[in-house]
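Here's a quick tour for anyone who likes to check geometry before setting up a calculation. Have the viewer open and follow along.

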Amino acid sequence: MFQLLDFIGTFVFAVSGVLTALNKKLDLFGVFIIAFVTALGGGTLRDILIGRTPVGWMQNLQYVYLIVIGFIIAVVFRKKLDRLRISMFLFDTIGLGIFTLIGLEKGIEKGLHPIICIALGTITATFGGVIRDILCNEIPVIFRREIYATVCLLGGVLFFILQECNINDDALYLITSLFMIILRLLAVRNKWYLPTLHHKV
Amino acid sequence: MFQLLDFIGTFVFAVSGVLTALNKKLDLFGVFIIAFVTALGGGTLRDILIGRTPVGWMQNLQYVYLIVIGFIIAVVFRKKLDRLRISMFLFDTIGLGIFTLIGLEKGIEKGLHPIICIALGTITATFGGVIRDILCNEIPVIFRREIYATVCLLGGVLFFILQECNINDDALYLITSLFMIILRLLAVRNKWYLPTLHHKV
Amino acid sequence: MFQLLDFIGTFVFAVSGVLTALNKKLDLFGVFIIAFVTALGGGTLRDILIGRTPVGWMQNLQYVYLIVIGFIIAVVFRKKLDRLRISMFLFDTIGLGIFTLIGLEKGIEKGLHPIICIALGTITATFGGVIRDILCNEIPVIFRREIYATVCLLGGVLFFILQECNINDDALYLITSLFMIILRLLAVRNKWYLPTLHHKV
């Protein structure tokens with residue numbers, strides 16, 4: 001189940017990467033790289049930071065195949081995908097939750113401090129988008145007007161609180177991911193943003 | 001021979017990095033970093049991804065010296081290098097082929113899957129330019145209008161097909177690199193580009 | 001003493017990251033990431049390049065706490081910090097010297113060649129700012145009009161010259177860091193810049 005959701009997350013992130021890249025007049029190779037980076041960039045950065053090399057996707061080709069499939073589908077059906085915007089958003093939100101949990105897990109495996117694990121969860125879920133935006137020559141969208149990363153951080157905090165309570169693993173993963181998914185949906189619905197600070201001299 | 005071509009590739013990539021940086025009003029340090037990154041950025045990223053650290057150029061200073069020499073020559077003779085544009089392009093194309101083969105080799109050494117090895121070859125040959133463009137605040141040129149990366153990918157595929165046929169190593173390297181060099185020359189001569197997709201809603 | 005200065009350097013770099021980010025209309029999360037990256041990005045890149053993973057700050061949370069404190073202070077007192085511009089600049093310069101020495105040390109620990117150690121010192125001191133500028137979608141300021149990196153390079157050269165002279169470690173660190181601090185102050189006071197090359201065809 002967990003694995004399946006991870007695959008769905010990867011696939012959806014790849015599709016959303018294609019849709020972003022299509023607005024940038026890139027060629028097919030460029031679009032593919034953006035799709036790849038959106039889906040696997042966060043996990044790749046996490047693996048590099050903790051020294052888990054060769055990085056994950058080099059040892060499990062299923063992720064690469066999924067991105068190729070997502071890439072092809074998104075390119076072929078690019079005009080129809082607009083109608084699926086709401087389903088896409090839902091999958092993207094599920095991906096956010098799953099990717100955060102996977103990042104948390106990798107940190108725990110390495111015996112790192114909970115704060116670092118939460119950071120790794122957030123990096124896994126958000127830095128694919130950050131690298132995508134850098135490659136597309138834009139200030140990363142999650143630095144500007146999103147509560148995206150905050151959802152990961154809060155989800156990570158909840159994870160460790162629940163773990164302290166000794167609840168079983170299945171419930172732990174289920175509650176944490178549902179919390180993140182619902183929080184994100186509420187945030188988007190109610191337009192919750194982090195404040196933007198202005199620096200007036 | 002292989003080593004010599006690798007050195008030529010590094011040198012030429014450094015020179016081409018200088019020429020790119022000169023259009024950007026950078027100071028000497030900035031120009032040097034761009035030259036360095038153009039020449040060694042792809043291999044550095046490859047080494048980081050597969051966990052081959054300290055990364056290559058830290059263990060073989062000849063690459064660093066070559067870039068310093070390339071940097072000095074390019075800065076001093078920058079006005080005359082325009083006349084050498086065709087020779088430069090030829091060396092750059094040779095560098096492309098060699099760098100791809102080197103990336104393939106490092107992947108094979110690590111026992112990675114052929115698809116990952118091809119990705120590593122392509123990263124080695126192209127991501128120096130990608131990092132250069134990011135540092136210069138531009139969308140990477142190979143994402144927009146180049147068949148550059150495609151040449152690496154096809155060269156990598158040919159490499160593994162030939163290897164399956166059990167031909168000897170010398171012939172394998174020679175044929176694969178000649179194939180990439182000729183393909184690139186044909187692509188530029190005949191203006192073969194990958195299609196650019198537009199996303200009309 | 002050394003440790004204390006390292007902490008001061010980290011803190012000041014975090015504050016200066018906040019001040020840069022405030023001009024970019026980022027939200028609080030974006031500002032925090034920019035502060036983090038400015039303070040720890042150089043050391044993180046260095047650790048990744050030499051394979052010292054999990055990277056430094058993951059194993060010593062004091063750096064993370066310092067950045068959080070620096071972030072909060074800078075955000076709360078952002079309007080008053082302008083008056084402290086000179087003190088800030090002084091601390092930033094001290095940070096530059098300290099970070100260079102720390103980078104040198106990590107390279108020596110790994111048994112790398114002095115030239116590579118000097119490169120690592122420079123990367124530690126300057127690439128936090130480079131990554132910050134990339135995330136903010138600007139050409140890195142140290143590539144354009146700063147003698148910043150040159151100070152690190154010269155400091156590194158002096159370090160190895162003094163080491164050859166067999167002076168004791170305390171004097172070695174003190175002289176090298178004072179040299180870099182004074183050189184930087186002189187450079188800013190007298191507006192010493194590296195030449196910018198223009199490429200006229």
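## Ground rules

This is a predicted model, so local features need pLDDT of at least 70 and side-chain atom pairs count only at pLDDT 80 or more, while totals for chains, interfaces and linings use all residues. Residues are numbered from 1 along each chain as its sequence is written, chains are lettered from A and ligands numbered from 1 in the order in which they are written, and side-chain values use heavy atoms, with hydrogens and water left out.

## Helix H8 of chain A

Let's start with H8(A), residues 169-189. Helices here are DSSP runs (H or I, at least four residues), numbered from the N terminus. The expected span is 1.5 Å times one less than the number of residues. For the 21 residues of H8(A) that gives 30 Å, and the end C-alpha atoms are 30 Å apart, which agrees.

Quite a few residues of H8(A) are buried: Leu172(A), Tyr173(A), Thr176(A), Ser177(A), Met180(A), Ile181(A), Leu183(A), Arg184(A) and Ala187(A). They fall within an arc of 160 degrees when you look down the axis, so they line one face of the helix. That arc is taken from the directions from the helix axis to the C-beta atoms. On the other side, Asp170(A), Leu174(A) and Arg189(A) are exposed. Buried means under 20% relative accessible area, exposed over 50%, and partly exposed in between (1.4 Å probe, protein chains only).

At the start of H8(A), a side-chain oxygen of Asn168(A) comes to within 3.0 Å of the backbone nitrogen of Asp170(A). After the helix comes Lys191(A), with a positive phi near 55 degrees.

## Helix H7 of chain A

H7(A) runs over residues 148-164, and its 17 residues should span 24 Å; the end C-alpha atoms sit 25 Å apart, which agrees. Its buried residues include Tyr148(A), Cys152(A), Gly155(A), Gly156(A), Phe159(A) and Phe160(A). Just after H7(A), Asn166(A) has a positive phi of about 60 degrees.

## A nonpolar surface patch

Which residues form the nonpolar patch on the surface? They are Tyr65(A), Val68(A), Ile69(A), Ile72(A), Ile73(A), Val76(A), Phe77(A) and Ile115(B), with about 660 Å² of accessible area together. Patch members have over 30% relative accessible area and no salt bridge; nonpolar side chains (Val, Leu, Ile, Met, Phe, Trp, Tyr) are joined within 5 Å, and like charges within 9 Å. Areas come from the Shrake-Rupley method with a 1.4 Å probe, and for residues only the protein chains shown count as cover.

Helix H4 of chain A (residues 62-76) gives the largest share, six residues. Val76(A) lies in that helix and is exposed, with a relative accessible area of 55%.

## Salt bridges

The whole structure has twelve salt bridges over all chains, each one a side-chain nitrogen of Lys or Arg within 4 Å of a carboxyl oxygen of Asp or Glu. In chain B, Asp47(B) pairs with Arg46(B) at 3.0 Å, N to O. Asp47(B) is buried at 1% relative accessible area, and Arg46(B) is buried at 5%. Asp47(B) belongs to helix H2 (residues 28-50) of chain B, and its side chain also reaches the backbone nitrogen of Gly56(B) at 2.8 Å.

In chain C, Asp47(C) and Arg46(C) form a salt bridge at 3.0 Å, N to O. In chain A, salt bridges that share partners join Arg46(A), Asp47(A) and Arg52(A) into one network.

Methods:
Helix = DSSP H or I, 4+ residues; strand = E, 2+ residues; numbered from the N terminus. Polar contact = N/O pair within 3.5 Å; in protein donor to acceptor, adjacent residues only side chain to side chain.
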